[in-house]
Amino acid sequence: MICILTTPNTLTRNTHMHTITRFHTHAQGHIGWLALRGELTVGHIFMQEEPGERIKFLDAWTHPDHRREGIFQSLWEVRWRYVTQRYPGHTVYAWCLPGTLPHLLREGFQQTDTAVRVERKISSMPDSPAGPYTAVTC
């Protein structure tokens, strides 16, 4: 499926055109859409089918030079149309950053949990008391 969408830039009032193309990442089992302006990828959005009639909305990204041009909104609308046509009765969920939460709440989602981001530097010799070969799953 290819959609040609024209969106007004809210900052410059210029009109930009981008193409949205659906694809499957067969190795990961994700369904995604790319927003292209010519040969430049200006955005993407993904989802994943899960057991138990669940759909997980995955990451979305817009190129920093092309933000505020309606790219995320058009990707969202194409993905939403896709799931409403193919998965009636399923439950959809997503993990999001605080900046995306207001959009999801406006779209009828309910906040059900809170996640915390953690990070650390990778060293050549981990500081783990169990040794350098401790298996960790998340």
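## A salt bridge

The side chains of Glu69 and Arg37 form a salt bridge, with N and O 2.7 Å apart. A salt bridge here is a side-chain nitrogen of Lys or Arg within 4 Å of a carboxyl oxygen of Asp or Glu. The structure holds one such bridge. Glu69 sits in the loop between β5 and α1, and Arg37 sits in strand β3, so the pair ties together parts that are 32 residues apart in sequence.

Are these two residues buried or exposed? Glu69 is buried, at 5% relative accessibility. Arg37 is buried too, at 18%. Buried means under 20% relative accessible area, exposed means over 50%, and partly exposed lies in between (1.4 Å probe, protein chains only). In general, side chains of opposite charge can pair when their charged atoms come close.

## The model and its layout

This is a predicted model: local features need pLDDT of at least 70, side-chain atom pairs count only at pLDDT 80 or more, and totals for chains, interfaces and linings use all residues. Residues are numbered from 1 along each chain as its sequence is written, and side-chain values use heavy atoms, leaving out hydrogens and water.

The chain has two helices and six strands. From the N terminus, the order is β-β-β-β-β-α-β-α. Helices (H or I, at least four residues) and strands (E, at least two) are DSSP runs, numbered from the N terminus. Of the 138 residues in the chain, 29% are buried.

## The nonpolar core

Which residues touch the most other members of the largest nonpolar core? They are Trp33, Met47, Phe57, Leu75, Tyr82, Val83 and Tyr87, out of 18 residues in this core. Strands β3 (30-37), β4 and β5 and helix α1 each give two or more residues to the core. Helix α1 gives the most, with six. A nonpolar core is a set of buried Ala, Val, Leu, Ile, Met, Phe, Trp, Tyr and Cys residues joined through side-chain atoms within 4.5 Å.

Tyr87 touches Ile31, Met47, Glu49, Ile55 and Tyr82, leaving aside residues up to four places away in sequence. Contact means heavy atoms within 4.5 Å.

## Two positive phi angles

Most residues other than glycine have a negative phi. Glu53 has a positive phi of about 55° although it is not a glycine. Glu53 lies in the loop between β4 (40-50) and β5 (54-62). Glu53 is partly exposed, with a relative accessible area of 48%.

Arg68 also has a positive phi, near 70°. Arg68 is in the loop between β5 and α1 (71-86). At 57% relative accessibility, Arg68 is exposed.
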